[in-house]
Amino acid sequence: MFRKSIDEFMYYLPFLGEVVRKDFKKKYHKSVLGVAWSMLSPLLMMLVITVIFSTIFRRSIPHYPSYWLGGNLLFSFVMDGSQSAMNSIINNSSLIRKMKIPNYFFCISSVTQYLITMLLSLIPYFAVSFIIGVQPSPYMLLIFFPIILAYIFTIGFGMFLCAYGTFLRDFNYLFTVARRAWLYITPIFYPIDIIPENYRFMFELNPLYVYITIFRDFAMNNTMPSERLLIVATFYSILTLILGMTTFKEKEDRFFLYI
Amino acid sequence: MINISEQAVETVNPIINESLRTNDFYDDDEDVCVNVRNVSVMFNLSKNREEGIKEYFINMVKGKVGYKEFWALRNVSLKVHRGDAVALIGRNGSGKSTLLKTIAGIIKPTRGSVEVNGTIAPLIEMSGGFDRALSARENIFLAGAMHGHTRKYMKKRFDEIIEFAELEKFVDVPIKNYSSGMISRLGFAVATCVNADIIIADEVLSVGDAQFRLKCENRIQQMLKGGTTILYVSHSPAQVKKMCRTAVWLEKGVVVDMGNVNDITDRYMQTIK
């Protein structure tokens, strides 16, 4: 059973590459700047946010633009990725009706799509960081750890959402609201200090807070995050992936009735 | 499940209709490449198909969450041998496409099981899952990847595919600008070039001009000799007789009869008149 799944995965691996390549091409099909937008749009957003918030949080957060951009990159990746995974079955229905491709590949490919966009955004992120005075350090190479964990989390979460979203399209609207709420409970544009000390443990219940904190420790604070945080992060990723896979597996046989 | 065997097995089944009718004649034959056992497929009719929470709750309040069932296939059993060409005939809505999709693994049977030995290239509704915004070149790589082929492998077959589809001048044009004949030519060329063991062709040869149809028929004959199995749906009795040895007659999701293509097709045509 397990062996068979691995074989299947390997068999369709070239397909994953092709689909990601195809979607990437289509995404920037009619824009003049093309791929450059992956790098330009976070920069422009950062400009706006910095102008608005840096006066408020200037004293408590050093390198505010990096603080915000780093958190936002990871947050947008997880949210955009899971939302597009949720819709991936519906959006690829014409293909699913005609070809035999394991359904979960569409979830993986749509998340991977956003992963690539985010990796590209890391270039302007580090460019800005160095300009505003963040010191380069070997820890920066470790940012791939939280990114991979967030990637696994997003695939799991996206598959979970997809298992329900394929049947009930209202989930899209709910998701938009939930995303906004999630943005506010995650310290992305505000510092964690504004929350009283005895409530801060609650942040750790939020996987996004955990990933973002690890990312910031590596990318701008030049420190090693606490072991506890690293374990919690790994735990969230694996648990979510298992949850997503089992839910998806249970529901996927009925997808074709709804697409 | 997934093994890409390139060995060419040539088989002739003189008593194919007997074997299909009795269904246990070849029971432990290794040459069976598609084995459909008592397959039933149920659809929920769209009446109560909830697409939103609101509808779901309204239906729940009305006590209508139960579905109106529709059985597209009932207890279909079928064995196809390697190198055989089987035609599915029957009226619209008789379950031909559903059966093909079940064999292709696109639809999971509600009851029963489908066993397939070998790789399948499904050619359903002409285009084998093409993306209309992409060019023929990109679609060939995409379709190849759906059959587990790497870019490198497809590059080797690329010229052959384009040549067969006669699309040399339009390689880099998005296929949304193609005519339906051009798309079906490309679909056919790709499906027959990916080295699948079983080809599922749903109404593919009805499009395209006479010359191309002839070319396709020749290609199919050639592949049959090489051991490829073909499952074929067509509404043209002449074409069915020409291409296939065996026919399966479906009516309202039930197999009426199967056997020699000439007998079955003739009897089917009589019921229409």
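**A short tour of chains A and B**

Let's begin at one residue: Ile220(B), which lies in helix H7 of chain B. Before going on, please keep in mind that this is a predicted model.

So, is Ile220(B) buried or exposed? Ile220(B) has 22 other C-beta atoms within 10 Å, and the cut-off for a buried residue is 20 or more, so Ile220(B) counts as buried. Leaving aside residues up to four places away in sequence, Ile220(B) touches Ile230(B) and Met243(B). Arg267(B) is another matter: Ile220(B) and Arg267(B) are 47 residues apart in sequence, and their C-alpha atoms are 25 Å apart in space.

Now let's step back to chain B as a whole. Chain B has nine helices and nine strands. Of the 273 residues in chain B, 44% are buried. If you take the contacts in chain B with a separation of 6 or more, 73% of them are between residues 24 or more positions apart.

Chain B is divided into two domains: domain 1 covers 16-118 + 197-272, and domain 2 covers 128-195. How many residues does each domain bring to the contact? Domain 1 of chain B gives nine residues and domain 2 of chain B gives eight residues.

One more stop in chain B is Asn38(B), which lies in strand S1 of chain B. Asn38(B) is not a glycine, yet its phi is positive, about 45°. With 13 other C-beta atoms within 10 Å, Asn38(B) is partly exposed.

Next, where the two chains meet. The contact takes 24 residues from chain A and 32 residues from chain B. Which elements of chain B each supply at least two residues of the side that touches chain A? They are strand S1 (32-44), helix H2 (53-62), strand S5 (120-123) and helix H4 (136-146). The largest share on that side, five residues, comes from H4(B). By class, the side of chain B that touches chain A has 17 nonpolar, eight polar and seven charged residues.

Over to chain A, and a pair of helices. Two packed helices are described by the angle between their axes and the distance between the axes. For helix H4 (residues 64-86) and helix H9 (residues 171-185) of chain A, the axes come within 11 Å and cross at roughly 170°. That angle is over 145 degrees, so H4(A) is roughly antiparallel to H9(A). From H4(A), Phe75(A), Met79(A), Gln83(A) and Met86(A) meet Phe171(A), Phe175(A), Arg179(A) and Leu183(A) in H9(A). By class, this contact has six nonpolar, one polar and one charged residues.

In the loop between helix H3 (36-57) and H4 of chain A, you will find His63(A). His63(A) is a residue other than glycine with a positive phi, near 55°. His63(A) counts as partly exposed, because it has 17 C-beta neighbours inside 10 Å.

My last stop is helix H7 of chain A, residues 104-131, which has 28 residues. From first C-alpha to last, H7(A) reaches 41 Å, close to the 40 Å expected at 1.5 Å a residue. H7(A) is followed by Gly133(A), whose phi is positive, near 100°.

Key
Residues numbered from 1 in each chain as written. Chains lettered and ligands numbered in written order. Predicted model: local features only at pLDDT ≥ 70, side-chain atom pairs only at ≥ 80, totals over all residues. Contact = placed C-beta atoms within 7 Å. Helix = DSSP H or I, 4+ residues; strand = E, 2+ residues; numbered from the N terminus. Nonpolar A, V, L, I, M, F, W, Y, C, P; charged D, E, K, R; others polar. Buried ≥ 20, exposed ≤ 12 C-beta atoms within 10 Å, placed from the backbone. Expected span 1.5 Å × (residues − 1). Axes fitted to C-alpha atoms, helices over the stretch in contact; angles between N-to-C directions. Parallel < 35°, antiparallel > 145°, perpendicular 65-115°, else oblique. Domains from an automatic or database assignment.
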